[in-house]
Amino acid sequence: MRRGTRDVAAGGCRRARLLGPVLALLLLIAGVAITGFIAAGLRSTQRADADRVMDQRTAVARAAVLAETGRYQALLQAVAAGAGTDDRFTAADFQSATAPLRAAGLPGATRVAYVVPTAPEKIAATQAFWRGRGATGLQLVPRGDPEEHLFSIFAREMETDGPATAGVDVAASAEATAALNEARRTGRATVSDTYVLLRDRGLPAPRQQLSFVFAAPVYTPGGDPRFRGWIVLGMHGQDFLGSVLSLASQGHLDGALLATDGDGRRVVVAAYTARGTVDLRREAGFPVANRHWTLITGANSAYLPGARTSLPAIVLGGGLTVSLMFAGLVYVLATGRYRARDQVRVATAELREAEAEARRQAGLLGAIMASLGDGVGVVDGNGAFLLHNPAAKALLGMELDADGPDRWQQHYGLFRPDGRTPFPVEEMPLLRALHGESSDGVEMLVRNPSRPDGILISVDGRPLDPSAGQPGAVAVFHDITELRRYENDLAVFAGVVAHDLKAPLAVIRGHCETADDELADAPAGPAVAEARATLTRIGYAVDRMAGLIDTLLAYTTSRDAPLRRHTVALGPLVADVIHGRTAHLRPGDTGAPDVYVGPLPSVDADPDMLRHVLDNLIGNAVKYVQPGRGARIDVTAAEAGEGWTRIEVADRGIGIPDEDKPDIFESFHRAHTAAGYAGTGLGLAICRRVVERHGGAIGVTDNLGGGTRFHFTLPLATEPEPAIEPEPAAVEQSV
Ligand code: ADP
């Protein structure tokens, strides 16, 4: 039942989700349809406008061509009428009669001429007659056939208004002859079929153009008109049409002028091309003199003023854009809720995942903390505990809930290792870490009601890593009570062992000395001398044995014995060590060392351990010399950074080979140069342990000019030196 309800709900949800896109699509389709409809309407209106404009333009062009041809004929007829009335028509009369033609600025007109017919046998008489009437340079040339000649007598250039060559026989052109004959026959102006004018036949082909002539017959006036000749006007068809059409259409119409010739064929008189591809065409016919001409016009509606606007394109573009935007808006609004819900769902899932991961990490961290044997405590910048593990609580014997660092000492019962001095709050590792200072192995005694016997703990403190995002400090501590107890037991054991081993040796040494004293009083002899030498060797062996025991003891205590630091004046300590090493020698003895001790500061160190260090180094300097030579030893001090001093012990002895230098501080390592010198290889290992337990460092270099230079650092004393005498040497280095 519940599942059914969920399915229905899911179906409803799906339908609701589909509603947005469907609505947007419908709106888009409707928008596109309406836009297309409006644009198509506008386009068809525009088409009708273009047709109308084209009709108007064509009518204007037709009227212009018709008017121009009519004007030419009228002017020509006027000239012909004038020529007919004058019985004595001279060259000067021709010039004045044709002057209006020139003034009329007829486009395409090339030449106007007065032409007369002449039979071949009358050529000479005609020439003489017209020369008498002012025709200059008239040279009529017979053709050699019996046909009638049609000579131009007077001529005038229309383009340049200059003198024109007369005497041309128009009969050489069949088209012109036909037009002239028809004019004579009908008594009216005629227009010829198209041909290349006689005057242009010498021109190169591209410059030749189809032309025609208008011819008006010249008759005498009155009741019995007599034919005299023709006024003939040559026309370049292309120039004529180009000029008329460009004026009439302002460069927007293509045009072609076709004349229907005598045989009914349509001949192109001229063509004129406007810009653009032609998409509108019109044809208009009209009479020109005795012929029927046709004007074909064409135009590109894009360039035809008033025929086309960019309105449909704008409407289409704008409509589509608006439709798209509107559909998009509807889509965004309709689906926004679902998208938001999806985003929330994804974000929630991610959040849940992150939360689970964080919980897992926290669980892991908690498990690690719980399994740690060491106590861990974390405090914030104010010293309030953020975190502690069960081991911390178990070690301290109570919850880590003291209010602030000032109360820690009292709350947890923290003391110095002596068990009496309350641990100073400013030295607590956690507080030092809050001030950015790390500390290691700080020992303190914890004694409180839960820990009445007290436990010794060692604490490491560190500032909290910056990745924690807040200031704080972390401390790790562990119980070292058992360890210290073991160490003390060991020290006691070592002391006992040393004492028990050394006691028999002391007895042997005593007996040897007694026996030697007694032999000293016995009468001298080889046996007595031999016995005393043996006693001396036994004494040396006993000393070496005692020295070895001391060294082993020092080796152990240098690592395990607790440091008892005091202010130690280095000068007296060094003097005492040197005294111990050289007391048995008298000045001037071979092997007596030449020692220089510079000014030495007071240091903060365990005096017994420090004595071991100086004794080992000075003892080695005395020992490792070339046989038969005395040692030369310099003991000096220099600054080694704030609060530290660097002590150097230099000698002029046998030196240490470079390959041995890295190892001589290791236990039992001896350089091969030490063969023949007594030793255990433990002295420098003890020195390193002691120096490092004081926080310093030890090293060795060659002494410039020969020998060895040892150096080590120690903290300078901060408190005034106590007025106590240095104790005598506790450990004798075997030399
Ligand atoms: P050892 O008991 O052999 O002297 P040390 O640990 O004191 O042991 O010294 C280790 C080795 O370092 C020596 O065996 C010796 O080879 C070398 N050495 C120490 N001090 C000097 C020195 N002042 N001159 C030359 N060699 C030295």
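**Entry 1, end of α14.** I started at glycine 695, which follows α14 and has a positive phi, near 90°. For the record, I'm on a predicted model, where local features need pLDDT of at least 70, side-chain atom pairs count only at pLDDT 80 or more, and totals for chains, interfaces and linings use all residues. Numbering runs from 1 along each chain as its sequence is written, and side-chain values use heavy atoms, with hydrogens and water left out. Helices and strands here are DSSP runs numbered from the N terminus (H or I, at least four residues, for helices; E, at least two, for strands).

Which residues of helix α14 are buried? I find Gly683, Leu684, Ala685, Ile686, Cys687, Val690 and Val691 buried in this helix, residues 683-693. Buried is under 20% relative accessible area, exposed is over 50% and partly exposed lies in between (1.4 Å probe, protein chains only). The buried residues of α14 pack against α11, α13, β21 (698-702) and β22 (708-715); contact is heavy atoms within 4.5 Å.

The axes come within 9 Å and cross at roughly 25°. Axes are lines fitted to C-alpha atoms, for helices over the stretch in contact, and the angles run from 0 to 180 degrees between N-to-C directions. α11 and α14 are therefore roughly parallel to each other; the classes are under 35 degrees for roughly parallel, over 145 for roughly antiparallel, 65 to 115 for roughly perpendicular, and oblique for the rest. The crossing of α11 past α14 is left-handed, meaning the near helix is turned anticlockwise from the far one by less than a right angle, with clockwise being right-handed. On the α11 side I list Thr551, Ala554, Tyr555, Thr557, Ser558, Arg559 and Asp560, and on the α14 side Ala685, Ile686, Arg689, Val690 and Arg693.

I checked α10 (residues 481-521) against α11 (residues 526-560): they pack at about 165°, axes 9 Å apart. That makes α10 roughly antiparallel to α11. The crossing of α10 past α11 is left-handed.

With a relative accessible area of 43%, asparagine 488 is partly exposed. Its C-alpha sits 96 Å from that of valine 322, 166 residues apart along the chain.

I get 13 residues (570-582) for α12, and 18 Å from first C-alpha to last, close to the 18 Å expected; the expected span is 1.5 Å times one less than the number of residues. Its buried residues are Leu570, Leu573, Val574, Val577, Ile578, Arg581 and Thr582. They cover an arc of only 150° around the axis, so they lie on the same side of α12; the arc is taken from the directions from helix axis to C-beta atoms. Among the elements they pack against, I noted β16 (566-569), β17 (594-597) and α13 (607-623).

I read the crossing of α12 past α13 as right-handed. The contact includes Asp576 and Arg581 of α12, and Arg611 and Asp615 of α13.

Buried or exposed? At 12% relative accessibility, glutamine 127 counts as buried. I place it in helix α3 (residues 123-132). Leaving out residues up to four places away in sequence, glutamine 127 touches Leu138, Gln139 and Leu140.
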